[in-house]
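Dear colleague,

Please find below the structure I promised to hand over, together with its sequence.

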Amino acid sequence: MAEQEKQTVRNADAPVQDSVVGMTRRLLNPRHAAELAGRMIHTLRQDGFEQMCRDIRFRVALAHHEDLWQHRADIPTRRQLKIQRTTPIADGPVVSIVVPLYNTPIRYLNEMLDSVHQQTYPNWQLCLVDASQPGHEQVEQVCRSAAHRDYRITYEKLTENLGIAANTNAGFALAKGQWITLLDHDDTLYPNALYEMVALALQQDAEMVYSDEIVLSDDGKELRGYHFKPGYAPDYLNGCNYITHLCMFRRDLFVRAGGRENPTYDGAQDYDLILRLTENLSAPNKIVHLPKVLYSWRAGAGSTAENLVEAKPYAVEAGRRAIQDHLERLGRNAIVESLPDAPGAYRVKYAVEGTPKISVIIPNKDHVEDLRRCLESLYAHAGYENFEVLVAENNSTDPETFAYYEQAKQQFAGLKIVTYEGPFNFSAINNTARKAAEGEYLLLLNNDIEVLTDNFLAELLSYAQRPDVGAVGAKLFYPDDTIQHGGVILGINGSAGHSHKSHPRDAVGDLYRLVTAQNYMAVTGACLMVKAELYDLCGGLDENDFAVAYNDVDLCLKLYERGYLNVFTPEAQAYHYESKSRGLDDGSAANAANQARYAKEKAAFQARWGHYLPEGADPYYNIHFNNKFENFGLK
């Protein structure tokens, strides 16, 4: 893999970990201690003494803000490796590992070769293609010796260096396996890598499988970062190459994708290949993510993304062109731009097709200044002309409110007042306004939103127009310029939470997830655009079970289960003047009736969508992250 592609997905924000004091208090809590003891006993019985000791050391290290990565729970124990070696996979296919070599340091070369030899899965072929220059003859000597000792190793000395893509293609020509994967000449595989990948591929009938990875120092002793990835997220993949290694694909898929890497994308040739592979999947569920670290690569001291961009701007440009050409092959009208503050990440600007009408629905009860700020900012930054605004009036009592309604109708074109009568029911209020809406697209918008970015409606519409997209959400900030919403994660504290909540406004997020478009299970209804026909197809917001809470997530999950992608775009930004201290609607500051209502709605949400709430059930949130907070901190 090219150096640019590695730097693309560096974790730029260290996860926020618990304080030592907080961790110590939990360790001393009898209930928590009993839970830990139960976990230890379970681990001892299931995985043995080695794993139990490893878990204890890892937990204690995290309590002191240290990360003993060598003791992570998904690193195989000797016992587990022995089981894999003595339990072969029936009819396991041959996996061809293609490694282009170029002036490889001998220590790195030997470590790479050793990591392949240590695989618990025996059905592999190692294809070594060597374009090393004069003065590096020892590379050839080591490789020929290795090939002589093991028939599974194939070595070819290239007469000249043709570039990374062409050299890799020479390796592909040597590959005989039913499955193919790439390994960089200075990287290593975990001993269980191929076994785990093949087992999952066969179990899921997959065509493409990828794993998590780890970044180590040049000497392989210090942790530089984890790449804990989500499941297949096409919009995220169009923003950066988060898949990278380890990625294994079936030969027939590789052939459908062109059967080669394209030298015109040197520097981002693997990115281009992965995009083409996804284009040629027989179905979206044929690409599967394995949330285990199976691959490690080195990041030398001082090898920062910023330095890389200065040294190799062609690699960033190659990545941009790879995405641009990918979208053109899909028939999508878009322009791809690199992000200057996030090297190796990209923005896709989709063109708005035609001028469909948007109906903006804003529920309101009094709060004149909130509504005024919302309307003024919306009209100032809409960047799109064909829209109407329906203020859903619900039980206001302040005469100033009704006076402002009359003023607003004169001040803002296309604004009208829709009256809802009845007890407060957020879902019913929006559904009532929807009946009066004329637009092909609906934007549910809270009255305490202040739009910040130009072309706000156009940006949301550009995604909502896509036939594969359901709901589209915006990037929302608290007034103190921290993140309020960056997509919705399921399973947080038994229900749902907002991605990267309380991160700084300028944070790029875990693996660039705050600055690139993302697929999530849901987005917040504080700012949610959806096709009117899809809103109706789902029955609108659920007035019976989710009068106040969870109605937006419920709608998004209905769309998801119908096969639609829900998208968060960071390019549509706004303040959300929701009280930061209030957090989720838990009724803590409300009366007993509100608390009972919330408890009832949470129970209904858990009953309906409980299959998405256990750890690892949300495909866009890696199981390595904790499900107590939305900060992408380690579990």
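**Notes on the predicted model**

Helix 15 passes helix 16 in a right-handed crossing, and please keep in mind throughout that this is a predicted model. The two helices, helix 15 with residues 368–381 and helix 16 with residues 399–411, pack at an angle of about 10°, with their axes 10 Å apart. Because angles under 35 degrees count as roughly parallel, helix 15 and helix 16 are therefore roughly parallel to each other.

On the side of helix 15, the contact is made by Val 368, Glu 369, Leu 371, Arg 372, Leu 375 and Glu 376, which meet Glu 400, Thr 401, Tyr 404, Tyr 405, Gln 407, Ala 408 and Gln 411 in helix 16. The residues of this contact divide into six nonpolar, three polar and four charged.

Turning to another helix, Asp 272 is found in helix 12, which covers residues 269–279. Asp 272 has a relative accessible area of 1% and is buried; leaving aside residues up to four places away in sequence, Asp 272 touches Asn 262, Tyr 265, Ala 322 and Arg 329.

Finally, helix 9 (residues 193–204) has twelve residues and reaches 17 Å from its first C-alpha to its last, which is close to the 16 Å expected at 1.5 Å a residue. The buried residues of helix 9 are Ala 193, Leu 194, Tyr 195, Glu 196, Met 197, Val 198, Leu 200 and Ala 201, and the helix is followed by Asp 205, whose phi is positive, near 50°.

Methods:
Residues numbered from 1 in each chain as written. Predicted model: local features only at pLDDT ≥ 70, side-chain atom pairs only at ≥ 80, totals over all residues. Heavy atoms only, no water. Axes fitted to C-alpha atoms, helices over the stretch in contact; angles between N-to-C directions. Helix = DSSP H or I, 4+ residues; strand = E, 2+ residues; numbered from the N terminus. Parallel < 35°, antiparallel > 145°, perpendicular 65-115°, else oblique. Left-handed = near helix turned anticlockwise from the far one by under 90°. Contact = heavy atoms within 4.5 Å. Nonpolar A, V, L, I, M, F, W, Y, C, P; charged D, E, K, R; others polar. Buried < 20%, exposed > 50% of the residue type's maximum accessible area, 1.4 Å probe, protein only. Expected span 1.5 Å × (residues − 1).
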